[in-house]
Every structure is written in C-alpha cells, then in structure tokens.
Amino acid sequence: MSLSELPVIDWDALHAEAKHIMTMAYAPYSKFPVGVAGLVDDGRIVTGCNVENASYGMTLCAECGMVSNLIASGGGKIIAVVCVDGSGNFLSPCGRCRQLIFEHGGAHCQLMTPAGPLPMSEILPWAFGPDQLS
Ligand code: THU
C-alpha cells in the first residue's frame, strides 16, 4: 500500500474509541484504567484495555490487548495510536508497550501526545525490531 492509499487518520474517532475501551478496564489494584485504540492500515480500529492480576507482575497492559485483537482480527500494520488514562488524557505508553507498538506499527506509526502526533522513531529511538533479525 502506497502512502497516498493510507487511510486518513481520524484522531477524534481514535480518541473516542480509546476512552470507551478504557471504561472496560479491569484495574482493581492500581485503580488506573487505561484504554488504547489503533488505526490499522486497512481502516479498521483495534482497541485494548488493561487487565490486572492479583499477581501484579502478570498484569496485561492495554496495548497487549490491542495487539492481541489486531492479530486475532486479521493482522495488518498499525499506523496511528491513541492511549488514554482514566481521565481520557493522552498517556505515554510504558517501555514494553512501545516495543509492542513498534513491532506492529514500525518507525512511521504515529502516537498522539500532548504535543501532537509523534512517530515511533521518536517515541522509541534506535529501536530493536524485526529488521535486526533479518
Ligand atoms: N498500563 C497500561 O495499560 N499501559 C501502559 O502503557 C502503562 C501502564 C497499565 C498497567 C497497570 O494496570 C496500570 O496501567 C498502572 O501501571
């Protein structure tokens, strides 16, 4: 798919989806619900919320759910991501989740920040990724 064929990024729609899925979070321990929505290169939107566990280290971040839904619904490349906290404010993904987004979005995938969209190449500089293994 060429750049001109990529879907237009409707950031408001992504934000709305992220805020909605955030309300489904299972976060009884941290009481810090997170929601994330990603636009896939075929136009669909995939979402995820955090799912905590009494064994805290087993917690699944919202991005884990989003990536699982991406793959389970047919795969593809994520081109834009909005991650929010319980107030709907843009949230900075944790290090592990930056790696997850990089794997399925690459360096050009855009993440919404309070300063506007930034490419993953700036969110996770000098990233280790699939290219290192080829
Ligand atoms: N969390 C996410 O879901 N994604 C992130 O990128 C940062 C942190 C969750 C994990 C835990 O359930 C809660 O936020 C507090 O750390």
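## Exercises: a ligand and a ring pair

**Exercise 1.** Which residues surround the ligand in this predicted model, and how do they divide into nonpolar, polar and charged?

*Solution.* Start by walking around the ligand: you'll meet Ser30, Phe32, Val34, Asn50, Glu52, Thr59, Cys61, Ala62, Glu63, Pro93 and Cys94. Next, sort that shell by type, which gives 6 nonpolar, 3 polar and 2 charged residues.

**Exercise 2.** Find which protein atoms lie 2.5 Å, 2.8 Å and 2.9 Å from an oxygen atom of the ligand, then work out how much of the ligand the protein buries.

*Solution.* Take the side chain first: Glu52 puts a polar atom 2.5 Å from a ligand oxygen. Now check the backbone, where an N or O atom of Ala62 lies 2.8 Å from an oxygen of the ligand, and one of Cys94 lies 2.9 Å from a ligand oxygen. On its own the ligand exposes 370 Å², and the protein buries 79% of that. As for location, look in the second largest pocket, where the ligand sits.

**Exercise 3.** How many aromatic pairs does the structure hold, and is the pair of Tyr29 and Tyr56 stacked, edge-to-face or tilted?

*Solution.* Count them up: there's 1. The ring centres of Tyr29 and Tyr56 are 5.6 Å apart and the planes meet at 45 degrees, so call this one tilted.

Conventions:
Residues numbered from 1 in each chain as written. Predicted model: local features only at pLDDT ≥ 70, side-chain atom pairs only at ≥ 80, totals over all residues. Heavy atoms only, no water. Near = heavy atom within 4 Å. Polar contact = N/O pair within 3.5 Å; in protein donor to acceptor, adjacent residues only side chain to side chain. Areas by Shrake-Rupley, 256 points an atom, 1.4 Å probe, with all protein chains shown as cover. 1 Å grid on protein atoms, 1.4 Å probe; cavity = no way out; pocket = protein on both sides within 12 Å on 5 of 7 lines; lining within 4 Å. Sits in = over half its atoms within 2 Å of the grid points. Nonpolar A, V, L, I, M, F, W, Y, C, P; charged D, E, K, R; others polar. Phe/Tyr/Trp six-rings, centres within 6.5 Å; stacked < 30°, edge-to-face > 60°.
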